Amino acid sequence: MALLEVEDLSVSFARRGQRTVRAVDGVSFTVDTGEVVGLVGESGCGKSVTSLAIMGLLPKQPGLTVGGKAVFDGTDLLQLDDRSRRDIRGRDIAMIFQDPLSSLNPVIPIGLQVTEVLTRHRGMKGDAAAKEAAQLLDRVGIPDPKRRLKEYPHQLSGGMRQRALIAMAVACQPRLLIADEPTTALDVTIQAQILELLKDLVRDSGTALVMITHDLGVVAGMCDTINVLYGGRVVETARRRPLFREPRHPYTVGLLGSVPRLDAGRGERLTPIPGSVRDLLPWAEGCAFAPRCTRRVDACVGQPPELVSAHDGRSYRCVNPAPPAGATPAAAPVDPAAPVDPAASVDPAASGEATSAGGQVPAPREEEKP
Amino acid sequence: MTIISGKKREKIDRLAELAAREDERGVSLWQDAFRRLRRNPAAIVGAVILAIFVLVAIFGPFFVPYGPKDTMGIREGVVKVGQGLIPGPSSEHWLGYDHQGRDVFSRMIIGARQTLLVGVVATLIGLALGALIGGVAGAAAGLGGRWGRMVDATLMRFIDMLLALPSLLLAVSIAALLGPSLITVMIAVGMVSVPIFARLLRGSMIVQSNKEYVLASTSLGVSKSRIALAHVLPNSLAPVIVQATLTLATAIIEAAALSYLGLGNPDSSVPEWGVMLADAQPWLGIRPALAIYPAVAIIITALGFTLLGEAMREALDPKLRK
Amino acid sequence: MFRFIIRRLLQLIPTLFGLSILLFIWLRRLPGGPETAILGERGTPEMRAAIRRNLGLDEPILIQYGRFVKRMIRLDLGTSISTKREVTTEFLQRFPGTIELTITAMVIAIGIGIPLGYLAARRRGRFLDYASVGGSLIGICIPVFFLAYVLKAIFSENLGWFPSSGRQDPILGATRITNFFVLDGLMTREWDAAADALWHLVLPGMALASIPLAIIVRITRASVLEVLGEDFVRTAEAKGLTENVVRRRHVLRNAMLPVATSIGLLTGGLLSGAVLTETVFAFSGIGAFLAEAISNRDYPVLMGFIMIIAVVYVMVNLIVDLSYSLIDPRVRVR
């Protein structure tokens with residue numbers, strides 16, 4: 001059974017005098033125990049709002065409507081009262097945020113910010129809590145943890161801050177960890193370290209991880225299953241390998257096409273997606289991606305595209321998907337981390353367009369190297 | 001396959017076209033601020049109060065029923081202060097008589113003009129002097145170098161000295177220096193706001209000098225003094241203008257305080273709200289309304305300036321812009 | 001930290017020096033002089049000249065200033081022309097009253113302002129929010145002396161709840177030690193004297209508190225609203241902390257930073273407001289005495305008092321800066 005089952009989640013903000021914004025518009029996905037799931041999309045596609053809605057952290061404001069279900073271990077998180085939600089947060093589900101500096105309280109020492117979780121959920125106090133906090137900092141790779149406990153966020157480097165935030169998140173060994181762009185604000189080399197740390201923590205403790213990112217490199221290195229979001233809805237779901245080998249939704253194709261690759265030929269151009277996320281069609285009137293889509297046909301408009309389930313548990317929401325890259329399903333045990341020669345896996349029967357779209361793996365990151 | 005209506009297709013095409021184009025919309029700070037100002041109910045209330053006040057101040061004195069010096073109440077024998085007789089509102093005298101038998105309504109209307117005059121002139125004095133000192137200090141700090149830093153430091157020390165003086169004391173001693181008069185009140189109240197304006201403009205200019213566009217202009221070879229005058233200064237003015245609006249409110253209140261201390265215009269034949277309020281103090285027991293009219297007028301006017309000023313501050317705050 | 005204090009105190013010296021020069025020139029330019037205040041309009045030119053010679057006012061201004069500075073270095077502020085007592089004595093006798101009044105006003109302003117501003121922010125857009133924002137706007141716009149009169153008229157003259165003037169009922173014959181009447185009462189265990197002094201402080205304290213109260217409400221509200229939207233508050237919520245802990249530890253502590261700054265500035269500004277309030281309530285502090293000194297052209301009193309007030313103002317701001325570095329670890333004083 002799935003650990004977290006998000007079903008038809010929708011979040012809309014209604015403002016006086018302005019039209020209602022549907023930030024999340026029917027997102028569904030599941031996370032199994034110990035699984036690493038990616039939520040990928042451009043900024044503004046609703047991935048962060050999705051995570052905040054699951055955590056119940058959306059700022060309370062008039063006009064905010066949250067619909068659908070988010071069932072965690074049998075209980076619908078969206079139906080819980082404030083108290084029970086606070087009990088679950090930090091203990092069973094924890095979250096890591098994007099900007100470690102602004103996410104830490106600037107006027108309180110790191111130590112207290114770690115121990116307060118221990119006090120709240122594990123009833124630890126005084127020396128015991130301090131000792132455990134030091135161990136946690138040590139576990140996330142912060143050197144000299146005893147001294148760091150007394151320091152303030154501004155005295156730590158960006159990477160150390162993010163490690164401290166991670167320590168707070170894993171303090172109670174949660175069953176689900178949600179990481180919202182955990183590396184976006186960091187230097188590339190630090191990014192790799194943090195991702196490595198997250199991977200280790202997840203592997204060691206069996207914690208499930210929802211990785212929210214716009215960075216396909218992060219996804220390629222970590223995720224078991226990937227959900228691609230566009231306009232507040234999941235447009236494609238697939239295991240990692242099939243997704244990179246043969247993306248079916250034109251948006252996924254576009255995302256992959258926008259990433260520079262090491263294995264690209266010289267002079268080969270990147271293919272950016274025209275326009276921005278704001279130019280979208282309401283899902284009720286057709287495919288939200290249609291205005292920017294290169295494979296747009298008449299059928300894209302009029303009614304929302306149905307979710308098409310394909311082999312291998314993958315599904316996509318498109319009436320005119322990119323053709324599969326190979327005649328045979330992507331069962332070949334290719335290490336997705338290793339650079340893939342597109343020509344090797346392409347069926348000669350496939351169209352040229354598929355060749356350019358399929359089989360792409362973004363530049364491998366440092367931590368991927370054996 | 002569904003059939004697409006022509007309208008839908010049109011919409012798609014329009015969106016596709018939009019998507020292909022770069023985002024061109026760019027609204028200037030001031031336009032944007034003004035647009036948000038119009039949407040803010042507090043700003044509207046403030047503006048309406050001020051509009052009424054200014055209209056009354058400008059045109060009111062032409063339509064008043066009685067002269068401000070006409071002590072008709074005593075002449076007609078209806079006002080007998082000694083017996084505690086100061087008649088209240090009637091159909092002829094809407095706000096009644098004051099202790100000298102003059103028509104309060106007429107004096108209130110004419111007083112509006114004097115009050116506006118005091119507030120505006122005092123603020124202008126403070127603004128001009130403060131902006132001069134702050135602008136020179138800010139420009140000097142921006143130019144840098146030994147001389148620039150020295151000029152800046154000297155001017156700021158001077159401002160610190162002014163700040164260390166209790167403001168009312170400053171005003172009182174100025175009033176003592178010049179003798180009680182309306183001009184004294186204006187200068188005294190204006191002087192008090194000099195350090196505020198100076199610090200504000202200097203701080204704002206220093207913030208602007210560190211912005212990237214200044215670096216960009218420098219790298220294009222624009223002269224330093226030109227950058228200070230043509231770029232830094234205009235971009236630093238927003239908080240100063242907001243402060244000027246807010247200062248108008250405090251100026252009117254402080255002018256009233258000086259009048260109360262007996263430093264205002266000794267010639268009470270030219271009515272001013274602060275003076276009227278001060279004059280009414282001895283008669284509070286008999287007719288408290290004599291103090292309440294000018295007090296309420298002062299409070300409402302100050303409220304108008306404050307509302308508008310605060311709304312402007314909000315509208316110009318880049319943090320709140322979207 | 002220590003070096004920071006030393007440097008700030010050293011900076012005080014040129015400021016005081018400049019201030020004294022300015023004051024000196026300025027006061028000598030006031031029309032009339034102490035001789036007019038003493039003799040009125042009647043005195044003969046000879047009598048006037050005699051008084052001026054007596055006070056040393058006939059000498060060149062540079063020499064007069066030199067004498068002033070020399071005395072100043074020995075912390076001697078001279079003798080008041082009108083009361084013939086030492087300026088320092090006068091000051092020590094009157095300043096405690098003003099301090100008591102200022103402290104009362106700040107206690108009222110902080111005690112009501114911070115909770116009210118916090119509640120207004122939490123109930124944003126509801127009645128309490130509008131009421132406190134509106135109330136604080138009006139509080140800023142009411143002339144202090146008018147408010148003082150209204151309070152006096154209502155609570156003292158009509159209802160008779162509070163005394164209308166003075167610092168203490170002279171009938172009590174309270175013992176004086178520090179001239180802080182409340183403190184004196186507590187030290188000598190004259191409880192009724194302390195209570196009476198406190199009672200006398202309520203109305204003037206409320207009048208004086210109006211502006212700082214209004215400003216503290218607004219700053220607290222704005223600051224809490226800003227902090228509520230900060231990422232670290234979201235982090236605290238994500239940790240599942242109880243609402244109470246989130247509020248106290250994460251929201252309030254950070255929201256207090258700008259409030260602390262404004263409290264320092266406001267305390268300095270209160271010294272001015274005190275002049276008006278003291279006049280209305282016939283409260284013997286430095287305010288009324290200073291106003292009198294101006295009309296009497298009592299140069300030593302004016303010079304001395306203003307210099308001390310400037311020192312106090314700078315000290316208050318120094319304390320604020322120091323306390324700021326205590327609540328905000330990012331601010332390091334150097």
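Here are some questions and answers about a predicted model with chains A, B and C.

User: What share of the 322 residues of chain B counts as buried?
Analyst: A residue gets called buried if 20 or more other C-beta atoms lie within 10 Å of its own. Applied to the 322 residues of chain B, that gives a buried share of 47%.

User: In chain B, what percentage of the contacts between residues at least 6 apart in sequence join residues at least 24 apart?
Analyst: Start with the contacts in chain B whose residues are at least 6 apart in sequence. Then keep those that join residues at least 24 apart, and you are left with 72%.

User: Over residues 291–312 of chain B, how far apart are the end C-alpha atoms?
Analyst: The unreviewed UniProt entry annotates several stretches of chain B as "transmembrane region", including 42–64 and 291–312. Over residues 42–64 of chain B, the chain is 78% helix and 0% strand, with end C-alpha atoms 31 Å apart. Over residues 291–312 of chain B, it is 100% helix and 0% strand, and the end C-alpha atoms are separated by 32 Å.

User: Where is Lys80(B), and how far in space is it from His99(B), C-alpha to C-alpha?
Analyst: Lys80(B) sits in the loop between helix 4 (72–75) and helix 5 (104–143) of chain B. It has 13 other C-beta atoms within 10 Å, so it is partly exposed. Along the sequence Lys80(B) and His99(B) are 19 residues apart, while in space their C-alpha atoms are separated by 8.1 Å.

User: What is the phi of Asp73(A), and is the residue buried or partly exposed?
Analyst: Most residues other than glycine have a negative phi. Asp73(A) is not a glycine, yet its phi is positive, at about 50 degrees. You'll find Asp73(A) in the loop between strand 4 (64–72) and strand 5 (75–76) of chain A. There are 16 other C-beta atoms within 10 Å, so Asp73(A) is partly exposed.

User: Why does Glu181(A) count as buried?
Analyst: Glu181(A) is another non-glycine residue with a positive phi, about 45 degrees. Its place is in the loop between strand 7 (176–180) and helix 8 (188–205) of chain A. Glu181(A) counts as buried because the number of C-beta neighbours inside 10 Å is 20.

User: Which are the edge strands of the open sheet of four strands in chain A?
Analyst: The order of this antiparallel sheet is 2-1-4-5, and an edge strand is one that pairs on one side only. Inside the sheet, strand 1 (residues 4–13) of chain A joins strand 2 of chain A through eight bridges, with Ser12(A) partnered by Arg22(A). The edges are strand 2 (21–31) and strand 5 of chain A.

User: What is the order of the sheet of eight strands in chain A, and which are its edge strands?
Analyst: This open sheet has mixed pairing and the order 6-7-8-3-9-10-12-11. The strands that pair on one side only are strand 6 (93–96) and strand 11 (308–309) of chain A.

User: How many residues of strand 3 of chain A are buried?
Analyst: Look at both faces of strand 3: Val36(A), Gly38(A) and Val40(A) are buried on one side, and Val37(A) and Leu39(A) are buried on the other. For strand 3 (residues 36–40) of chain A, the buried count is five of five.

User: Which residue is the bridge partner of Leu39(A) in strand 9 of chain A?
Analyst: Strand 3 of chain A pairs in parallel with strand 8 (residues 208–213) over five bridges, and there Val40(A) stands opposite Thr213(A). Strand 3 also runs parallel to strand 9 (residues 225–230) of chain A, joined by four bridges. In strand 9, Val37(A) is partnered by Thr225(A), while the partner of Leu39(A) is Asn227(A).

User: How far does helix 13 of chain C reach from its first C-alpha to its last?
Analyst: Helix 13 (residues 299–327) of chain C has 29 residues, and its buried residues include Tyr299(C), Phe305(C) and Val314(C). At 1.5 Å a residue, 42 Å is expected, and the reach of the helix is close to that, at 42 Å.

Key:
Residues numbered from 1 in each chain as written. Chains lettered and ligands numbered in written order. Predicted model: local features only at pLDDT ≥ 70, side-chain atom pairs only at ≥ 80, totals over all residues. Buried ≥ 20, exposed ≤ 12 C-beta atoms within 10 Å, placed from the backbone. Contact = placed C-beta atoms within 7 Å. UniProt positions renumbered as here; feature names shortened; annotations may be inferred. Helix = DSSP H or I, 4+ residues; strand = E, 2+ residues; numbered from the N terminus. Pairing = 2+ DSSP bridges. Expected span 1.5 Å × (residues − 1).
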